[in-house]
Each structure stands twice: as structure tokens, then as C-alpha cells.
Amino acid sequence: MIDPQGQASKWIKNMEKENLSIIKLTDPDLLRTLENSVQFGWPVLLEDVGEELDPSLEPLLLRKIFKHGTIDMVQLGDSSIEFNKDFRLYITTKLRNPHYLPEISTKVSLLNFMITPEGLEDQLLGIVVAQERPDLEEARQQLIIQTAANKKSLQELEDKILFTLAQSEGSNILENEEATEVLDSSKFLVDDIKAKQKVADETTANINKSRESYQSVAQRSSVLFFSITDLPNVDPMYQYSLNWFINLFLRAIQQRQVTCYLFQRILNNSSLMHIKIIKLSLFLKIRKTT
């Protein structure tokens, strides 16, 4: 995963909370950690790799699994260890534009996690709404979870219906009481889920309409971040992380002048962000000339 802003690492750490091992190629116990994780089926996150990978990873990347009796085995270093099919290996690099050789690209699935202006805008919008209207953001998060649960339930019901129809193949389904009961109950559940989803969609539309009031500050701040990311073209030492920018964004929100008018609060927040960035730019110009 191409991950200069650390978004992929954060996502993996949230997703694989239990038994996740985080390692680097420079760790002295790299192989020992991998051996334990492969045997027990634990996930591993290998962070900050360069354009070359350690040759010891090749058996895992190429899935060179062989049978020893009825047990799946894999060679790691000088040891042959049992391979657990639940094992997962994630690899991230902070390089913005890595040039991997074709032989590496064929061993892994390459994903680009570099943040886009639209993606950052959505993140910043969520942050400012959480600060200004925490009730609104909490309701939105709950609706996202509910929508995902509804889709999962619908998929399970569809699979159940298809399985029932497949089992009744070659006979009159109307004469099969069990199949008829399954279809009747599934229809009731599908209608119930669709009704809930309709209410959720209407609520989501209302929430998004309220969130639009804060869209301008997210748009302008996103533009500012991508302006800052071009500073290394002036001098390589001027590199700033996404975490630094988000902390700056939060401080601008917290330090804004308190007012009861929404438009004025948004204006204050944008102005503070601009002032901070202008001060930074002036500082860089002074450093450059001296």
C-alpha cells in the first residue's frame, strides 16, 4: 500500500485490532514475529518499506506452500513452519511515487492510499461537523453502520431464498411447506428492511443537507493542504504530514472567535487557517533567502 499520509496503516490498525503484529524490515526479531504469526494465523503489518523487499519474504509473497503429510507448510529462513490459512500480511510504504520492479509487482497486490482532494475534503468536513454539531456527526455514523447492516441482511436473505429454490428444484415449490414458509418469512423481512432503509435514506439526506453549511471551510482547507504538499519542491526539508495539518485544522476551529452566527464562525475558521498558512509561507521565504 502506497501510504505517505499513514491512512492505510491507521485503517489496518483499526480493522485488525486483535493480535496484530507491527514490524519493520530493520527489526532484529522480524523472522521470529513472522513465524509466530504464520503458525497462529495472526495478521502482520510491515511498515515503511522501500523499493526493495527482504528476500526472506518471498516464500510468503509467492505462497510457496507445500504439504508435509496433511499439514500445509512454508519455508521461512532456515525453518519449515506450519502455515495457517488465516494469516494475513499487509505492507506499507511512505514513498509517494515508488518504482517497483515488475517481479515485485507480480508478487503483491499494489494499492494506492494517497489521499485525494475529495477524500481529504470529506475528512475535514467530518471533523468540523463533529466539532460544531457532534450530534449530527454521531447520527451520520450510526446511519452508515445501519445501512451496512441492512445491506448485509438483504444479501443473506437473497442467498437463503436462492438456496431454498435450488433445494426444491424438480418439484412443485407450492407443495413444499418448508420452502413456502421460508419464502413467506423472507418476504416479510425484506419488506421490513427496505422500509427501515427508506427512513435511513431520508434521514441521511437531511443530515447531508445540514452538513453542506460547513462545506466551504472543508473545501478551502483541502486546497491549503495540497498547496503545502508542494513545498518540498522549494526545499526537500519542508515536508509536513497530514496529522500535522489536521491538528492545525483542529486548533483553528478551537481558537476561532465564538459567535452565534454560523456563517461568521465558518469565516473565522477559514481566516485562522489562512493566517497560519501565510505565517508558515513567510517563514519559509525568510529561511530560503537567508
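Here is a tour that starts with the whole chain and then moves from one selection to the next.

**Before you click**

This is a predicted model, where local features need pLDDT of at least 70 and side-chain atom pairs count only at pLDDT 80 or more, while totals for chains, interfaces and linings use all residues. Residues are numbered from 1 along each chain as its sequence is written, and side-chain values use heavy atoms, with hydrogens and water left out.

**The whole chain**

Start with everything selected. The chain has ten helices and six strands; these are DSSP runs numbered from the N terminus (helices are H or I with at least four residues, strands are E with at least two). Of its 290 residues, 35% count as buried. Here buried means under 20% relative accessible area, exposed means over 50%, and partly exposed is in between, with a 1.4 Å probe and protein chains only. Now for contacts, meaning heavy atoms within 4.5 Å: among those in the chain with a separation of 6 or more, 69% are between residues 24 or more positions apart.

**Select 7-15: helix 1**

Which residues of helix 1 are buried? Show Ala-8, Ser-9 and Ile-12 and you have them. (The arc is taken from the directions from the helix axis to the C-beta atoms.) They pack against strand 2 (43-47) and strand 6 (88-91).

Asp-48 sits in the loop between strand 2 and helix 3 (58-61). Its phi is positive, about 55°, although Asp-48 is not a glycine. At 39% relative accessibility, Asp-48 is partly exposed.

Next go to Arg-63, in the loop between helix 3 and strand 3. Arg-63 also isn't a glycine, and its phi is positive, near 50°. With a relative accessible area of 55%, Arg-63 is exposed.

Three strands make an open sheet here in the order 3-4-5, with antiparallel pairing. (Two strands pair if DSSP finds at least two bridges between them.) Which strands stand at the edges? Strand 3 (65-68) and strand 5 (79-82) do; each has a single partner strand, so one side of each is left without a neighbour in the sheet. From one strand to the next, the twist averages 45°.

Zoom in on strand 3 and strand 4 (residues 71-76), which pair over four bridges. There, His-68 stands opposite Ile-71 in strand 4.

**Select 117-132 and 134-167: a helix pair**

The axes of helix 5 (residues 117-132) and helix 6 (residues 134-167) come within 5 Å and cross at roughly 130°. Axes are lines fitted to C-alpha atoms, for helices over the stretch in contact, and angles run from 0 to 180 degrees between N-to-C directions. Helix 5 and helix 6 are therefore oblique to each other; under 35 degrees would be roughly parallel, over 145 roughly antiparallel, and 65 to 115 roughly perpendicular, with the rest oblique.

Show the side chains in the contact: Asp-122, Gly-126, Val-129, Ala-130, Gln-131 and Glu-132 from helix 5, and Pro-134, Leu-136, Glu-137 and Arg-140 from helix 6.

**Last stop: Glu-137**

Leaving aside neighbours within four places in sequence, Glu-137 is in contact with Gly-126, Val-129, Ala-130 and Arg-211.

Note on methods: Pairing = 2+ DSSP bridges.
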